[in-house]
Amino acid sequence: MDGVAATDRLYYENAYLREFDARVIAVRKDGWIALDHSAFYPTSGGQPFDTGTLGMARVNDVEVENGVVWHKTDAPFSVGDTVHGEIDWPRRWDHMQQHAGDHMLAGAAWQLFGGVTIGLHLGRENSTIDMDLPGGRTHLTADEMEALETLVNRRVQQDDPIRCWFPGTEELAALPLRKRPTVDSHVRVVAMGDYEMVPCGGTHPSSTGQIGPVKILSCAPARGKMRLCFVAGMRAVQYFRQTAACAEQVAAALSSTMAEAPETLLREREAHLTQQKENAQRLTQAALEILGLRKSGHIYAAHLPFADRDILLSAAKELTKEPQAVALLSCPGKSGHALLFARGAEANVDMAALLRQCGGKGGGKPDLAQGSASDETALEQAAAFLLKVEIEK
Ligand SMILES: [Zn+2]
């Protein structure tokens, strides 16, 4: 809005300031107000806005426009009112940890792999960094991810100072910035240890140790770039807690130790799959025996209450090796009976047409059709029809 003085942003000087007193200098409709100074961070640079209170009112959104910080409140204010502001500290601190974690990863990825950060999204559960890698690569190898994570956490544990300031034009020009500023004047710079220096208007802890652990969750291609997903600080602690609880539960269910759980699980899965395969073979064999007893001419027809679609399919495959054979099979299905009609290479009858002709729902090709019916009538009708045709030949 024209005529409103730019807000003195208290978080530039002190990112730890949680409370302040200020004066309302402008009001807009829908509860948006501007103050002479504010510690509330407006959404910018990939870092979400702060919430909190201004007097008795809640602050539900904060935006910046032409240097003016606008607070969306749920109560009316008038120009000239004085207010006591308090920001929601756990939310802000979490944002500071994620945001500074982003700097550490982006800086280290640039030094290790020449990755250029092109976007950051700080999400509710985890955050992402989009990067341009040399040669158009869209992922890092497992070893590269580990090297990146190790370097970042080593720097965190060094507890190096983090400093923010507004350099003069000459000083700015001489600084070894990882990225050039996107604005011409009033450029704020953040430096972490001696390895990360970029223009940034965000909020940061005063040393790297306060970022806490940084964990890369994944690395995947996104829109032709590489996207790193990560958590930092208490979110990383929460992540370790959840994954440890999950691993403990899996180990307990397998009566194994946590270290042996993956191997035990794979072994048991393998054994289970082998067992399933053997069961399927046994059931197919039983199906073929029953069908053999019920054979009439070239027609094999039966409802197999113990079978499923896979068993029907493998039985049909076996039966239709006989060129003249027609297999009309059914098993219990979701809506009554599942049907499978198949024929050998020389049987001259359209299975899909036959399925529909006998009231079955579904379809397929002339040599193999699948569908369903509410009862056994469809199968019986199909068998009777084919027998009649065979007798008339
Ligand atoms: Zn920053």
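Is isoleucine 118 buried, partly exposed or exposed? I found isoleucine 118 partly exposed, because its relative accessible area is 45%; buried means under 20%, exposed over 50%, and partly exposed in between (1.4 Å probe, protein chains only).

**Basis.** I worked from a predicted model, in which local features need pLDDT of at least 70, side-chain atom pairs count only at pLDDT 80 or more, and totals for chains, interfaces and linings use all residues. Residues are numbered from 1 along each chain as its sequence is written, and side-chain values use heavy atoms, with hydrogens and water left out.

**Zinc site.** I looked up the protein donors of the zinc ion and noted His99 (NE2), His103 (NE2), Cys200 (SG) and His204 (NE2), at 1.9 to 2.1 Å from the ion. Donors are N, O and S atoms within 2.8 Å of the metal (3.2 Å for Na, K and Ca); water is not among the atoms, so sites may look incomplete. I recorded the site as tetrahedral, with angles of 100 to 120 degrees among the four donor atoms; four donors count as tetrahedral if all angles lie between 85 and 135 degrees. Histidine 103 lies in helix H2 (residues 89-113) and cysteine 200 in the loop between strand S13 (196-199) and strand S14 (214-222), 97 residues apart. Helices (H or I, at least four residues) and strands (E, at least two) are DSSP runs, numbered from the N terminus. I noted that histidine 103 and cysteine 200 are both buried.

**Core.** I then turned to the largest nonpolar core, which has 28 residues; Leu105, Leu148, Val152, Ile211, Val214 and Leu228 touch the most other members. Such a core is a set of buried Ala, Val, Leu, Ile, Met, Phe, Trp, Tyr and Cys residues joined through side-chain atoms within 4.5 Å. H2 gives the largest share of this core, six residues.

**Salt bridges.** I counted eleven salt bridges, each a side-chain nitrogen of Lys or Arg within 4 Å of a carboxyl oxygen of Asp or Glu. In one of them, aspartate 94 meets arginine 235 at 2.6 Å, N to O. Aspartate 94 is in helix H2 and arginine 235 in helix H5 (residues 234-253), so this pair ties together parts 141 residues apart in sequence. Aspartate 94 counts as buried at 17% relative accessibility, and arginine 235 is buried with a relative accessible area of 13%. I also noted aspartate 130 with arginine 227, whose closest N and O atoms are 2.7 Å apart. Aspartate 130 counts as buried at 16%, whereas arginine 227 is partly exposed at 29%.

How values were computed:
Tetrahedral: all angles 85-135°; square planar, octahedral: opposite > 155°, others 65-115°.
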